[in-house]
Every structure is written in C-alpha cells, then in structure tokens.
Amino acid sequence: MADRILPRPGSSRRQFLVASASSLAAPALAETLTAEPARAQAADPRAPLGMTLNINGRDRRVALDARTTLLDALREHLALTGTKKGCDHGQCGACTVHVGGRRVLACLTLAAATQGQAVTTVEGLATDGELHPMQQAFLDQDAFQCGYCTPGQIMSAIACVNEGHAGSDADIREYMSGNLCRCAAYPNIVAAINQAKRVMKTAMRR
Amino acid sequence: MQPFVFERADSPDAALRAATAPGAASSALSNPTQYLAGGTTLLDLMKLEVMRPRTVVDINGLADGALGRIEPRRDGVRLGALVRMADAADDPTIRRQCPMIAQSLALAASQQIRNMASLGGNVLQRTRCAYFRDVSYAACNKRVPGSGCAAMNGINREHAVLGTSEQCIATYPGDFAQALIALDAGVEIAGTDGSRTIRFAALHRPPGETPDIETTLLPGEMIAGFDIPLASWMRRSLYLKVRDRASYEFAVASCAVALDIRDGTVADARIALGGVATVPWRARAAEQALRGQAIDDATIAAAADSAFAQARGREHNSFKIALGRRTLARALRQAAAIEI
C-alpha cells in the first residue's frame with residue numbers, strides 16, 4: 001500500500017488504523033506522480049496508469065493500476081472514505097456517487113473511465129459547513145440506524161429528486177430500490193426524501 | 001481481477017481495429033479484447049474472474065455520435081447501442097408508442113445501473129446462474145466447455161424450462177431483449193469489414209452443444225444500434241415481470257405482449273417470455289393460437305398452454321411452467337383491457 005495517501009494528522013479512529021497499518025509513509029505520492037494523460041498504458045498491463053480525476057470540483061492527478069475502480073480510487077488512494085463498499089458487485093448501492101451529474105455505482109466503474117467527468121461524493125455535498133438539504137433531512141427524520149448505507153442513500157436520494165422520480169412514496173420506493181438498508185430504515189428514508197424534495201425545489205426556484 | 005491493458009477509443013474504427021487484433025478468438029465472448037460501455041456486467045464478471053480479458057477498450061467516448069442517439073425512423077425508431085437504459089426508459093416517444101419497451105427497461109435493475117448500462121451491453125448481459133458466476137464450481141459448460149453442468153442436478157430454481165439442452169439450463173436474464181424479439185427488431189452490427197443487420201432473433205444462440213458461444217457476434221464486432229419497427233396498435237403493449245421481490249430483481253417469469261385487436265378479434269399478437277428460457281424467447285405458437293380469435297378465458301388458456309407445451313422442468317424449477325402460463329395469461333388480459 002505504498003501509494004496510500006496518509007491523512008493529515010488528526011485523531012479519528014480510521015486515521016489511526018490507516019497509519020498503524022501502513023509501514024511505508026509516503027504522503028500524497030499518488031498526487032505527486034506525473035504521468036501522461038492516459039489513452040493507453042504501456043504494453044505491461046501492470047504498469048500504473050496516469051490519470052486526472054475530477055472529484056468534488058478538484059482535479060486529482062493519480063497513477064493507478066488499470067483495475068482500480070472509482071470506489072477503490074476514492075477510498076484507498078484519495079482518502080475519501082465517505083463512499084462505502086458494501087457488496088462490491090453492484091447489488092447494494094452503498095457506493096453510489098454522481099458522475100457527470102448522474103447517480104452510478106462506483107464499484108462497477110473503472111476510475112480511468114471517469115476521466116473528463118465531474119465526480120461528486122458525499123464529501124462534496126456540504127457548502128461552507130452547511131449540510132445539503134438531503135443530509136439534514138436524513139438527520140431530522142432519523143433515516144438510518146447503523147449508517148453504513150447512508151452516504152449511498154443520500155447520493156441516490158438527491159439524484160432521485162433531481163430526476164423527477166420522487167413524486168409519490170411509491171415512486172420514491174421504486175426509484176430508491178437500488179439502495180439496500182439492512183437496518184430497514186426505509187420508512188424514514190422515504191420521509192427524509194419527502195422533506196428534502198420540498199427544500200430542494202424551493203432552492204431551485206430561487 | 002486479472003491485469004488488463006486499458007484503452008479509450010476515440011472513433012468507432014479505432015475501437016473495431018483494437019478489438020480485432022491478431023490472436024482474436026473463435027467467439028466474441030472468448031475474444032481477449034472486450035468493449036467497455038456501462039461495465040455493469042463486464043466488471044462484475046471480471047471481479048469474479050469469470051471473464052479475463054487482456055485488453056479493455058472503453059467505447060463510451062463514442063456516445064457523442066449515432067451510437068448515443070435515439071432517432072425517429074419512418075416506420076419506427078432507432079436506438080443507438082450506447083443509449084443508456086434510463087434514457088430510453090424515459091423517452092416520451094417510446095413510452096407513448098410502445099409501452100412494452102419502456103416498461104421492460106424501467107422494471108430492470110436499479111436507477112444507478114440503468115444510468116450506467118448501455119442498450120447494446122444490456123442485450124449481451126450474461127446469465128445469473130450461480131454455478132456460472134462462481135469459479136469454485138468446476139462444472140460449467142458455459143464457463144469451461146466440456147466440464148459438465150452443476151445446475152442440472154443442483155439448485156436449479158432460477159433455471160430455464162424452455163430452450164434448454166443437455167449441456168446447459170442457464171436462464172437468459174434480460175428484459176429489454178424480450179421486447180426486441182417480440183417486435184422483430186433489427187440489430188445493426190459494426191465490424192472492420194463494414195456493418196451488417198440481422199433480426200434480433202438471430203443474435204442469441206440457444207445453448208445446444210456449445211453454451212459457451214452465446215451470440216452470433218464475431219470477435220471484434222460491436223452492436224451499433226437497434227431498429228425497432230413500430231405500428232400504432234403497439235400502444236396496446238406491456239411488459240409484466242414477476243419476481244421474488246417487488247423491485248431491483250431479475251424475473252422469475254416475465255412477458256412482453258403487444259396486441260392488435262380489430263373488431264373484437266386478434267389481428268396480430270407479439271409475445272415473448274423472460275425468466276423461463278435460455279435465450280430471449282418469442283412464443284410464436286401462442287401468437288398463432290390467438291390470431292383470428294377473441295380474447296377470452298378459453299383462448300388465453302390455449303395460448304398459455306401452447307407457449308409452454310415444450311417446457312421441461314427440473315427438480316426446483318417446475319413451478320415456472322405454471323407460473324409462466326399464468327404470467328402470460330395475466331399479461332394478455334391486461335393488454336386487452338388497455339384503452340388506446
């Protein structure tokens with residue numbers, strides 16, 4: 001894991017675990033690598049592929065194995081662990097992010113294939129410390145229990161409203177069916193989306 | 001996942017050239033170069049090491065051209081192969097003129113996957129047979145030709161009752177393909193020697209002795225689009241999907257139906273069955289049973305019986321024969337009741 005970016009000094013449990021697990025401290029190596037804008041890598045398929053990813057409005061230069069999914073690029077190489085890995089096979093929705101403004105599954109997306117498109121993760125929702133209306137609604141409506149599926153639920157829910165698929169409870173349930181919640185917080189998730197959609201519509205009218 | 005070389009194609013020709021490099025295999029699926037569109041099947045199966053391409057050619061950059069467009073035609077509509085499932089499902093013309101197509105897409109997968117998956121890739125999605133998807137099972141004729149079939153006497157509740165062979169009973173999992181085969185859509189296929197068009201029914205091969213060869217695509221060929229003939233009576237169409245949970249699930253049994261009813265009798269009928277067959281399945285015998293008849297309990301029962309006359313159930317999936325008949329019967333009743 002030599003190319004793992006170590007987090008800045010801090011006190012979170014995860015940061016402690018990452019720092020403890022990594023004997024090779026190579027801060028921000030992935031970002032300092034310079035590489036060709038990748039159309040094709042060299043004949044050696046194991047050679048790192050240089051690429052620029054646009055994550056939450058910021059260009060990030062990284063050199064990654066071609067096999068790296070967007071999910072692993074975010075979590076393992078860019079220290080953005082808000083996006084969660086559930087099944088890693090497109091069956092649970094925990095890894096939902098927006099690419100080019102559309103909700104997709106980061107676990108079935110190659111990082112290299114997202115070059116040139118804007119990626120938004122749950123970390124990119126809040127502005128100036130103010131939560132996105134959907135984040136606030138999930139808090140207000142108690143729309144989670146363990147919270148593991150929540151980032152994916154929130155990313156999916158925002159897209160659900162923006163697509164115009166949140167007109168009724170039945171619509172919400174149908175168009176949120178790609179996000180599983182083992183705690184079964186579904187009724188409160190529907191309530192949160194109903195709360196947020198009114199705020200989001202008001203914000204759009206302004 | 002096995003290492004691979006990643007390339008991005010900036011033109012259809014570049015993509016086709018990359019995929020027809022020397023060393024190409026005998027079938028499109030065994031080709032060491034695979035196209036990447038939505039990736040929802042390919043990456044899943046690469047993670048499982050069921051598919052192990054040495055080169056992956058990203059063709060998503062071609063969506064700016066005809067491959068990414070929905071275009072009206074004189075007698076129908078053309079759907080580019082890189083149109084996403086979600087966009088075709090929400091297209092107002094398709095929803096109005098042939099609900100069966102829009103419904104087959106909207107009832108499939110989840111919105112995230114529909115945003116990703118291309119129409120071309122969707123029809124090529126591979127079976128959900130657990131013995132195919134799990135390489136720890138040695139016996140799978142589709143994955144390792146000649147190795148046997150673990151499903152034949154295994155847990156085969158999800159498996160096919162129509163179009164099976166002694167080598168393979170894996171179910172074709174798709175929904176959209178049922179609408180395409182019912183409507184006798186054309187498939188435009190691009191290759192280095194130019195393009196060719198075939199009927200959708202000629203795209204998939206029944207398993208027979210070679211379940212590893214799933215389509216008639218040649219190595220390096222790419223689906224460019226679908227030509228769908230539409231008639232005004234196809235507003236009387238629907239896609240009915242029966243599954244183990246209400247949403248985000250593959251069909252246990254499904255039915256695409258379009259009825260042309262004139263003066264109370266069936267002038268034409270289009271019927272395809274999903275979840276029950278090894279390939280997209282047009283129920284021509286059932287269509288024939290309905291032509292010239294009124295839609296009533298007796299003709300519906302006759303059509304449903306003829307659709308499953310050749311069905312063969314196994315230990316855990318025999319229920320699909322009764323369920324398939326009832327799914328078809330319900331779809332016919334609902335279609336007949338549509339006001340157009």
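## A walk through chains A and B

Buried residues account for 54% of the 340 residues in chain B; a residue is called buried when 20 or more other C-beta atoms lie within 10 Å of its own, exposed at 12 or fewer and partly exposed in between, with C-beta atoms placed from the backbone. This is a predicted model, in which local features need pLDDT of at least 70 and side-chain atom pairs count only at pLDDT 80 or more, while totals for chains, interfaces and linings use all residues. Residues are numbered from 1 along each chain as its sequence is written, and chains are lettered from A and ligands numbered from 1 in the order in which they are written.

**Chain B as a whole.** Chain B holds twelve helices and twelve strands; these are DSSP runs numbered from the N terminus, helices being H or I of at least four residues and strands E of at least two. The C-alpha trace spans about 60 × 50 × 35 Å along the principal axes of chain B. Its radius of gyration is 20 Å, which agrees with the value near 20 Å for a compact globule of 340 residues; the radius is taken over C-alpha atoms, and the globule rule is 2.2 Å times the number of residues to the power 0.38. Of the contacts in chain B with a separation of 6 or more, 64% are between residues 24 or more positions apart. Here two residues are in contact if their C-beta atoms, placed from the backbone, lie within 7 Å.

**Two spots inside chain B.** Strand β2(B), residues 33-36, is covered on both faces: B:Thr33 and B:Tyr35 are buried on one side, B:Gln34 and B:Leu36 on the other. β2(B) runs parallel to strand β3(B), residues 55-58, and four bridges join them; two strands pair if DSSP finds at least two bridges between them. Opposite B:Leu36 stands B:Asp58 of β3(B).

B:Ala185 sits in the loop between α9 (176-182) and β6 (186-191) of chain B. It counts as buried because it has 25 C-beta neighbours inside 10 Å. Beyond neighbours within four places in sequence, B:Ala185 is in contact with B:Leu180, B:Phe200, B:Phe226, B:Asp227 and B:Ile228. The C-alpha atom of B:Ala185 is separated by 33 Å from that of B:Leu48, 137 residues apart along the chain.

**Where the pieces meet.** Between the chains, 23 residues of chain B are in contact with 28 residues of chain A. On the chain B side, β1 (5-8), α2 (42-47) and α6 (111-116) each give two or more residues, and α6(B) has the largest share, with five residues. Chain A itself is divided into domain 1 (13-124) and domain 2 (133-205), with bounds from an automatic or database domain assignment. Their contact takes 13 residues from domain 1 and eleven residues from domain 2 of chain A. On the domain 1 side, β3(A) gives the most, with three residues.

**A helix in chain A.** Twelve of the 14 residues of α5(A) are buried, so this helix is largely enclosed by the rest of the structure. After α5(A) comes A:Gly164, with a positive phi near 85 degrees.
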